[in-house]
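Here are my notes for a first look through this protein. Have the sequence and the 3D view open as you read, and take the points in any order you like.

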Amino acid sequence: MILLDRVTKTYGKAAKPAINRVSLHIEPKEFVILVGTSGAGKSTLLKLLTREEKPSSGKIVVGGIDYDNLKDKHIPLLRRKIGVVFQDFKLLPQRTVYENVAFALEIAGMTNREIKATVPKVIELVGLAGKEKSFPRQLSGGERQRVAIARAIVRQPKILIADEPTGNLDPRHSWDIVKLLEKINRYGTTVLLTTHNVEIVNKLKRRVITLEHGKITSDQVSGSYKQ
Ligand code: ADP
C-alpha cells in the first residue's frame, strides 16, 4: 500500500536531510504509529506521501501509484486515495457539521443526490448523528476531530493519515478518537497515526515506527516502546 525505497528529502540548502534514506513497507489495512521527537522528520515523511513535498532521491509508491510517473493532473486521484486529519482540525467555521463533510464531496464534483445519500452515513459512523446542524464552535474538541475524520473518509480513501489528531484533546477524548481510527481501520482503511502520546502507543499494541534525525531507528510492535 505504501512503499518507500531509500527516500531522502533535503530542504533547500539544509546541511542535513530531513528524511535520510528511509525504506518502508506498509501493507494494505495495516495500522501503523509513527513516533519521534520534534524535528525527527515525521511531517516531512507525511508530506512526501501526500505529495506536498517531493523527495530529493528514492522511490515512493502509494496505492499502486509510482510517484516518479506522477503528473500534476494525477494529484487529485492521489488525494482521493489518501485522507488526512490534523491536530487543529482545519474545519470551515461558517459551515455546519453536515456542510463541512458535504464540502469534500462537492469539490469532487458529486451530485446533490449522491451527497445526500453519503454524508449522513459517514456522520453516523463517526458518532455525530444529531449534530448535523451544529457549527464547529458549538462542538467539543473531540467532536470537531470527528467531523474532520468524517470529512477525510467520506470519499473512501484507501489510506487515512492522522497527524497528531489527539494533540489538542484531553485523555478521554483522545482515546475515543483513537478507537474511532481503529474502527475505520477495521473497515479496511490503512491508518498511519503520528502521536507524542506514549500511553496511546503502549495501549494500542500496534506496529510502531520510530524516526530519529530522519532515519528509522526502530520498527516493532508496541509494548516494548519507551520514550
Ligand atoms: P517532525 O514532524 O518530526 O517534527 P519535520 O519533518 O517537521 O519533523 O522536520 C524535520 C527537519 O526538517 C527539521 O530539521 C526541520 O527544521 C526541517 N524542515 C521541515 N520543514 C522544512 C521546510 N519547509 N524548510 C526547511 N526545513 C524544514
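Is K90 buried, exposed or partly exposed? Point 2 has the reply, but a word on the ground rules comes before it.

1. Ground rules. This is a predicted model, in which local features need pLDDT of at least 70 and side-chain atom pairs count only at pLDDT 80 or more, while totals for chains, interfaces and linings use all residues. Residues are numbered from 1 along each chain as its sequence is written, and side-chain values use heavy atoms, with hydrogens and water left out.

2. K90. At 44% relative accessibility, K90 counts as partly exposed. The scale runs like this: buried is under 20% relative accessible area, exposed is over 50%, and partly exposed is in between (1.4 Å probe, protein chains only). Look for K90 in the loop between β6 (82-86) and α3 (97-106); helices (H or I, at least four residues) and strands (E, at least two) are DSSP runs, numbered from the N terminus. K90 is not a glycine, yet its phi is positive, at about 55 degrees.

3. K205. Here is another lysine with a positive phi, this one near 50 degrees. K205 sits in the loop between α7 (198-204) and β9 (207-212), and it is exposed, with a relative accessible area of 53%.

4. Two domains. The protein splits into domain 1 (1-81 + 157-227) and domain 2 (91-156), with bounds that come from an automatic or database domain assignment. Taken over C-alpha atoms, their centres are 24 Å apart. Where they meet, 14 residues of domain 1 are in contact with twelve residues of domain 2, contact being heavy atoms within 4.5 Å.

5. The area between them. Domain 1 and domain 2 bury about 1,200 Å² between them, with 69% of that on carbon and sulfur atoms. Buried area here is the accessible area (1.4 Å probe) that two parts lose on being put together, summed over both. On the domain 1 side, R80, P157 and L180 supply 38% of the area buried against domain 2, more than any other three residues.

6. What holds your eye at that interface? There are zero salt bridges between domain 1 and domain 2, where a salt bridge would be a side-chain nitrogen of Lys or Arg within 4 Å of a carboxyl oxygen of Asp or Glu. Helix α6 (residues 171-186) gives the most to the side of domain 1 that touches domain 2, with seven residues.

7. V191. This valine lies in strand β8 (residues 190-194) and is buried, with a relative accessible area of 0%. Beyond its neighbours within four places in sequence, V191 is in contact with E30, F31, V32, L160, L181 and N185.

8. K9. Leaving out residues up to four places away in sequence, K9 touches several others, including P17, T44, L48 and E53.

9. Helix α1. After α1 comes R51, with a positive phi near 70 degrees.
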